[in-house]
Amino acid sequence: MTARAGLAGVEDRLRDVQSITDAALSRLDDHGLLAELLERTKAILGADTAAVLLLDFSSGQLIATAAVGLEEEVRQDVRIPVGRGFAGRIAAEHRPVILDHVDHTTVLNPILWAKGIRALMGVPLIAGGRVIGVMHVGSLTDRTFTSDDVELLQLAADRAATAVHSLMAQEDRIAAAALQRSLLPAALPAFGGAQLAARYVPGEGVVGGDWYDVFTLPSGQLCVVMGDVTGSGLQAAVTMGRMRSALRAYALETCDPAEVLAKLDAKMQHFEPGALATVLYAVFDPGLDRVHICSAGHFPPIIASGQRPAHLAGIPPGLLIGAVPGAQRQTATLDITPGTLMCFYTDGLIERRDRPIDHSLSRLCQAVTPQPPEAACGAVMAAMVGSQAARDDIALLILWRHAAR
């Protein structure tokens, strides 16, 4: 009888594992998979509640995201600081925790003991080598969870971590792409004496923090911005959006590009320490005969005219935004003759793993010629991108001052 009972126990456990790892779960979307996984986990373990809390890395809090039998945790937006209470302890210690006594001395969330839960078992959700959340189950009756129970719950948590990680990455990409697209100019402004054209191509699989902007000032000056926030994903896109809005505000306070970038740098250093970005800001006089440029670590524009072959503009390179507090900024003033074309771009256009950056810059100079900007954009993209998928974001903006009649 003992041998038969042992065999039956093994078979039951195999069925439980199969239920959690069932391939049919893979056909659900990530939200559906998480809900179904909690239902199955609760049933397999004979528990009364099951919940997943995901870690918000910016606040250091676990946020109730999905639950079965404990839905009020999600509906009330329960948040548990890492290191405190039952779930916070699991996240901090990166290991399972079992409680056979639930009250305010062992659990931070009052919903759990108000619900009448008598025993709890929880395990960490781990993806990419780091804790991204906690999964726990609870019993409304006295119960002792076993090491076998912990193994089954950890198996379910590992499956949940995969689903959550995929969901977070997908939502991050969609939100970042939507935000970035919304912040790019819907249409370039009409400006007498000049024509403009632009291109933007997101990187393959990842959205970064590249952006361009074109606007006019009350003084009648035309402004061009080209920037690239370090990093990728939603956070880079959010930072980019904040920088774009701040730069526009500072542009209304002063016409000096160096002052604008100095103010932007101070704002970022204070409110978003750790953020880094290259930015190039150019202000054209109303008659387009001169341009005032300041660079914060960004590649200089390329200038092409009938009098001289295409070349990199001679402007001070400057330090990145966010690199050094109180960095000194310099504005360079360049003459723009009729028929001159200026090409602004981000590093995604020129950086390639298989060639030196100088080679790419030389190739870009060869592709830039004085001509209407739409044709110039097409020539540059054909020469620098061709049929290759962009690994990094590419932003390109070309301004052409009409030739004298």
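Q: What share of the contacts between residues at least 6 apart in sequence join residues at least 24 apart in this predicted model?
A: That share is 64%. A contact here is a pair of heavy atoms within 4.5 Å.

Q: What else describes the protein as a whole?
A: The protein has 10 helices and 16 strands. Of its 405 residues, 49% count as buried.

Q: Why is the pair of phenylalanine 299 and tyrosine 345 called stacked?
A: Two rings pair if their centres lie within 6.5 Å, and planes under 30 degrees apart count as stacked. The centres of these two rings are 6.3 Å apart and their planes stand at 25°, so the pair is stacked. By this rule the protein has 1 aromatic pair.

Q: What makes this a link between distant parts of the chain?
A: Phenylalanine 299 lies in the loop between β11 (290-296) and β12, tyrosine 345 lies in strand β15, and the two are 46 residues apart.

Q: How do you know whether phenylalanine 299 is buried or partly exposed?
A: Buried means under 20% relative accessible area, and exposed means over 50%. Phenylalanine 299 has 24%, so it falls in between and is partly exposed.

Q: And why is tyrosine 345 called buried?
A: Its relative accessible area is 1%, and the limit for buried is under 20%, so tyrosine 345 is buried.

Q: What makes arginine 130 a charge over a ring?
A: The rule asks for CZ of Arg within 6 Å of the ring centre and within 35 degrees of the ring normal. The charged end of arginine 130 sits over the ring of phenylalanine 57, 4.1 Å from its centre.

Q: Why is strand β2 described as largely enclosed?
A: In β2 (residues 61-68), 6 of the 8 residues are buried, so the strand is largely enclosed by the rest of the structure.

Q: How do you know that β2 pairs with β1 and with β3?
A: Pairing needs at least two bridges. Strand β1 (residues 49-56) is joined to β2 by 7 bridges, and the two run antiparallel. Leucine 54 stands opposite isoleucine 63 there. Between β2 and β3 (residues 79-81) there are 3 bridges, again in the antiparallel sense, with glutamine 61 facing its partner proline 81.

Q: What is found in the hairpin of β1 and β2?
A: There are 4 residues between the strands, and glycine 60 takes a positive phi near 70°.

Q: What makes β7 and β13 edge strands?
A: The open sheet has 5 strands in the order β7-β16-β15-β12-β13, with antiparallel pairing. Both β7 (194-201) and β13 pair on one side only.

Q: How do you know that β12 and β13 pair?
A: They share 2 bridges in the antiparallel sense, and at least two are needed. Isoleucine 302 stands opposite leucine 312 in β13.

Q: Why are the buried residues of helix α9 said to line one face?
A: The buried residues of α9 (residues 357-367) are Ser360, Leu361, Leu364, Cys365 and Ala367. Seen down the axis of α9, they fall within an arc of 160°, so they line one face of the helix. As background, an α-helix has 3.6 residues a turn, so residues three or four places apart point the same way.

Q: What lies on the two sides of α9?
A: The face turned away from the buried side carries the exposed residues Asp358 and Gln366. The cover over the buried residues includes β12 (302-304), β13 (311-312), β15 (341-345) and α10 (373-384).

Conventions
Residues are numbered from 1 along each chain as its sequence is written. This is a predicted model: local features need pLDDT of at least 70, side-chain atom pairs count only at pLDDT 80 or more; totals for chains, interfaces and linings use all residues. Side-chain values use heavy atoms; hydrogens and water are left out. Buried means under 20% relative accessible area, exposed over 50%, partly exposed in between (1.4 Å probe, protein chains only). The arc is that of the directions from the helix axis to the C-beta atoms. Rings of Phe, Tyr and Trp (its six-membered ring) pair if their centres lie within 6.5 Å; planes under 30 degrees apart count as stacked, over 60 as edge-to-face and the rest as tilted.
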